[in-house]
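Please keep the sequence and the model in view while reading.

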Amino acid sequence: MTLTELKYIVAVARERHFGRAAEACFVSQPTLSVAIRKLEEELGVVLFERGGTEVGITPIGLRVVAQAQRVLEEGANLREIARQGHDPLAGPLRVGVIHTIGPYLLPRLVPTQIAATPQMPLLLQENFTSRLLELLRQGEIDCAIVALPLPESGLMVHPLYDEPFLVAVQKNHPWTKLKEIDATSLKDETMLLLGSGHCFRDQVLEVCPELSRFSASSEGIQRTFEGSSLETIRHMVAAGIGVTVLPTSSLSMPGLENNLLAYIPFKKPAPDRRVVLVWRKSFPRPAAIDALIGAIRACNLPGVNYLGSTPAAALAEA
């Protein structure tokens with residue numbers, strides 16, 4: 001039994017396909033298949049159900065794959081512990097970030113972090129919250145910047161900042177004369193929303209629950225539009241197609257369309273979201289987590305309320 005064989009079975013379990021798993025591991029499919037068959041013979045069990053379009057995992061296979069993930073994670077931790085003997089910040093930090101945070105935080109975070117800890121480059125990945133948490137549990141990334149709420153995860157959580165929401169409208173919209181907006185007014189407008197899977201969409205629907213019935217019905221086609229990114233939606237608002245709700249940090253990315261947009265705050269208590277950093281409890285580089293938290297705080301995103309700077313090592317499990 002080798003770590004390489006364990007890496008192969010974890011990849012197959014994740015991809016549910018031998019070909020895609022082989023590509024992810026940078027080997028040929030026959031090499032991967034032979035190695036997995038060899039491991040099954042050594043263990044005396046069948047790990048995967050073969051023959052369909054999608055590879056299935058046997059009940060014992062689920063347990064073996066889960067243990068293999070833990071072994072691979074501990075193997076990676078050995079290398080990190082050895083590296084810490086020279087410099088606890090040496091080596092890359094793999095950071096995941098959700099789509100509605102990345103475009104606004106990362107352009108500030110990367111140069112800030114490079115200036116502070118150039119020996120710790122950030123390897124960045126954008127994705128949905130659910131996928132980032134899966135990658136985190138599998139050891140594919142080291143930490144993730146996401147928004148609450150989170151499912152029960154057994155992860156360490158550090159609050160970064162709270163940011164209020166704003167309403168974005170075209171500059172000739174009647175609402176531009178208002179100093180603030182009541183959330184219930186949104187139900188009377190053509191709302192532009194992110195598509196399913198984005199946690200920010202769910203947060204907006206919490207602000208104005210009446211929108212849920214439109215986006216789930218045929219009438220909703222005329223009342224809402226579902227986009228794939230906040231920037232696509234912001235350009236559509238600039239074109240006069242509707243209105244939307246944005247996080248305050250999105251104002252940190254100025255563009256030509258901002259000359260066509262107005263941003264109006266909600267009446268108090270204004271809806272907001274809490275952005276947090278999450279990582280595995282077993283992650284062996286708390287100094288790297290602390291350095292990242294410090295770099296995020298130094299970004300000075302406009303309009304957000306930065307939260308306590310408790311060191312990562314002192315936080316409790318979520």
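What share of the 318 residues in the protein is made up of buried residues? Buried residues account for 48% of them, a value that, like every other one here, is computed from a predicted model.

**The protein as a whole**

- The protein has 11 helices and 12 strands, and its accessible surface comes to about 15,200 Å², of which 56% belongs to carbon and sulfur atoms.
- When contacts between residues at least 6 apart in sequence are considered, 74% of them join residues that are at least 24 apart.

**Strand S6 and its partners**

- Strand S6 covers residues 156-170, and it is mostly covered, with 12 of its 15 residues buried.
- With S11, strand S6 pairs in the antiparallel sense over 8 bridges, and within this pairing Tyr-161 has Val-275 as its bridge partner.
- With S10, strand S6 also pairs in the antiparallel sense, here over 5 bridges, and Val-169 stands opposite Ala-262.

**Leu-261 in strand S10**

- Leu-261 belongs to strand S10, which covers residues 261-265, and this residue counts as buried because its relative accessibility is 2%, which falls under the 20% limit.
- Once its neighbours within four places in sequence are left aside, Leu-261 is in contact with Val-169, Gln-170, Lys-171, Arg-234, Val-237 and Ala-238.
- Leu-261 and Thr-176 are 85 residues apart in sequence, while their C-alpha atoms are 9.2 Å apart in space.

**Helix H3**

- The buried residues of H3 are Leu-32, Ala-35, Ile-36, Leu-39 and Glu-40. They lie on the same side of H3, because they cover an arc of only 140 degrees around the axis.
- Pro-30, Val-34 and Glu-41 are exposed on the other side of H3, whereas the buried residues of this helix pack against H1, helix H2 (18-25) and strand S1 (48-49).
- Gly-44 follows H3, and its phi is positive, near 75 degrees.

**Salt bridges**

- The count of salt bridges comes to 12, and among the residues involved, Arg-14, Glu-15, Arg-20 and Glu-140 are linked in a network.
- Glu-5 and Lys-38 meet through their side chains in a salt bridge, with N to O at 3.2 Å. This pair links distant parts of the chain, since Glu-5 is in helix H1 (residues 3-15) and Lys-38 is in helix H3 (residues 29-43), 33 residues apart.
- Within that pair, Glu-5 is buried at a relative accessible area of 6%, whereas Lys-38 is partly exposed at 45% relative accessibility.
- Asp-162 and Arg-274 form a salt bridge whose closest N and O atoms are 2.7 Å apart. Asp-162 is in strand S6 and Arg-274 is in strand S11 (residues 272-279), so this pair ties together parts that are 112 residues apart in sequence.
- Asp-162 counts as buried at 13% relative accessibility, while Arg-274, with a relative accessible area of 34%, is partly exposed.
- A salt bridge also forms between the side chains of Arg-273 and Glu-163, at 2.8 Å from N to O. Arg-273 lies in S11 and Glu-163 in S6, so the pair ties together parts 110 residues apart in sequence.
- Are Arg-273 and Glu-163 buried or exposed? Arg-273 counts as buried at 2% relative accessibility, and Glu-163 counts as buried at 0%.

Key
Residues are numbered from 1 along each chain as its sequence is written. This is a predicted model: local features need pLDDT of at least 70, side-chain atom pairs count only at pLDDT 80 or more; totals for chains, interfaces and linings use all residues. Side-chain values use heavy atoms; hydrogens and water are left out. A salt bridge is a side-chain nitrogen of Lys or Arg within 4 Å of a carboxyl oxygen of Asp or Glu. Helices (H or I, at least four residues) and strands (E, at least two) are DSSP runs, numbered from the N terminus. Buried means under 20% relative accessible area, exposed over 50%, partly exposed in between (1.4 Å probe, protein chains only). Contact means heavy atoms within 4.5 Å. Accessible areas come from the Shrake-Rupley method with a 1.4 Å probe; for residues, only the protein chains shown count as cover. Two strands pair if DSSP finds at least two bridges between them. The arc is that of the directions from the helix axis to the C-beta atoms.
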